[in-house]
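Please look over the structure shown here before reading on. The questions that come after it are meant for someone meeting it for the first time.

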Amino acid sequence: MVVLAIIVLAGGIGLYLGVYQSLAAARPVPSGCVDIPPVPDYLATGSTHDAIAALNHAHALMGLAPLKLPLRFYQSGPAQQQWLLVNLERRARGLPPLRMDATLAQMALNYSRQMRDLHFFSHTSPIGGTFPQRLAANPALAGHYRLAAENLAGNPVPGAGAIYEYMYDDAAENCLHRANILDPALTLVGIAVVADRTYGSISAQEFLAPAPGNPYTGAAPATQPPRLHLTISRDTAYPWLLRGRAVAGCSVGVVRLTWFLDHPGNGQLLASGSSLSLDLRSLAPGAHTLLVYAVDGAQNYSMATTRFLADPPG
């Protein structure tokens, strides 16, 4: 299974493009936007070597030279493979390479984990918010970029397979993944890949062009999840009212708190913020689970959960 999604931000205005089922053409279709069936079919074999051969086959059809892979390419991790291939595609068209940035790579890793763990595939996270909100929550990035973009992929061949889909099998998305990769204005990228049972792998590419007057200068990546403490109590005056309070702290950016009922992430959204008031009369009788997520500016997240009975005291 292959799934792709794209987003681009310019000057703080988002152009959102969803997965294949909900397309929105918000940018001009790039020149050379074609679909080239992979030969050999790496999706059938699951082989990185076949994905590279398919890339070279596409290069030949487009009049580009074969890829010159660095030594030990096949021993590199999938995120490193994606970065190398992105820059080979850019160089084949006379574009400068993108520099790998540790902060963007950490954000890509954390967001990929969110998609895998919470079972969604979108530029909007049920716990981390939209792409603009995620950028605004990180003080190292907020206000320090003039252009930002994000590519997402679910692909059984986590390194080269995702690049093939972005570059040569992207017409359903008006080749906007390809446009991000080949955008001459972008200079930085962070890439991460996680294993996934549904797609084989989920990966994210976070692109950035620093702002001229207030440029992004980099920061040490934050890797620790927020500290989170959850308490619940029954209101003495209104015993059918359950009150929850979450206290969170982190080392980077804004902590976003989101409450759910019974299912992690993609369950019933109850509230956002540090406190919750829940009318137990609105719930089915019996045991329920209350979940709260805390997400920091680097998209690290933690979760606290507790069980309670919806039957109010008589």
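Predicted model: local features only at pLDDT ≥ 70, side-chain atom pairs only at ≥ 80, totals over all residues.

Residues are numbered from 1 along each chain as its sequence is written, and side-chain values use heavy atoms, with hydrogens and water left out.

Q: What percentage of the residues in the chain is buried?
A: A residue is buried when its relative accessible area is under 20% (1.4 Å probe, protein chains only). The chain has 314 residues, and the buried share of them is 49%.

Q: Are helices H2 and H6 roughly parallel or roughly antiparallel to each other?
A: Helices are DSSP runs of H or I with at least four residues, numbered from the N terminus. H2 (residues 48-61) packs with H6 (residues 160-168) at an angle of about 25°, their axes, which are lines fitted to C-alpha atoms over the stretch in contact, lying 8 Å apart. Since angles between N-to-C directions that are under 35 degrees count as roughly parallel, H2 and H6 are therefore roughly parallel.

Q: Which residues of H6 meet H2?
A: Contact means heavy atoms within 4.5 Å. From the H2 side, the residues taking part include Thr48, Ile52, Leu55 and His59. On the H6 side they are Ala160, Gly161, Tyr164 and Tyr168.

Q: How many of the nine residues of H6 are buried?
A: Among the buried residues of H6 are Ile163, Glu165 and Met167. H6 is largely enclosed by the rest of the structure, because the buried residues number nine of the nine.

Terms used: Buried < 20%, exposed > 50% of the residue type's maximum accessible area, 1.4 Å probe, protein only. Axes fitted to C-alpha atoms, helices over the stretch in contact; angles between N-to-C directions. Helix = DSSP H or I, 4+ residues; strand = E, 2+ residues; numbered from the N terminus. Parallel < 35°, antiparallel > 145°, perpendicular 65-115°, else oblique.
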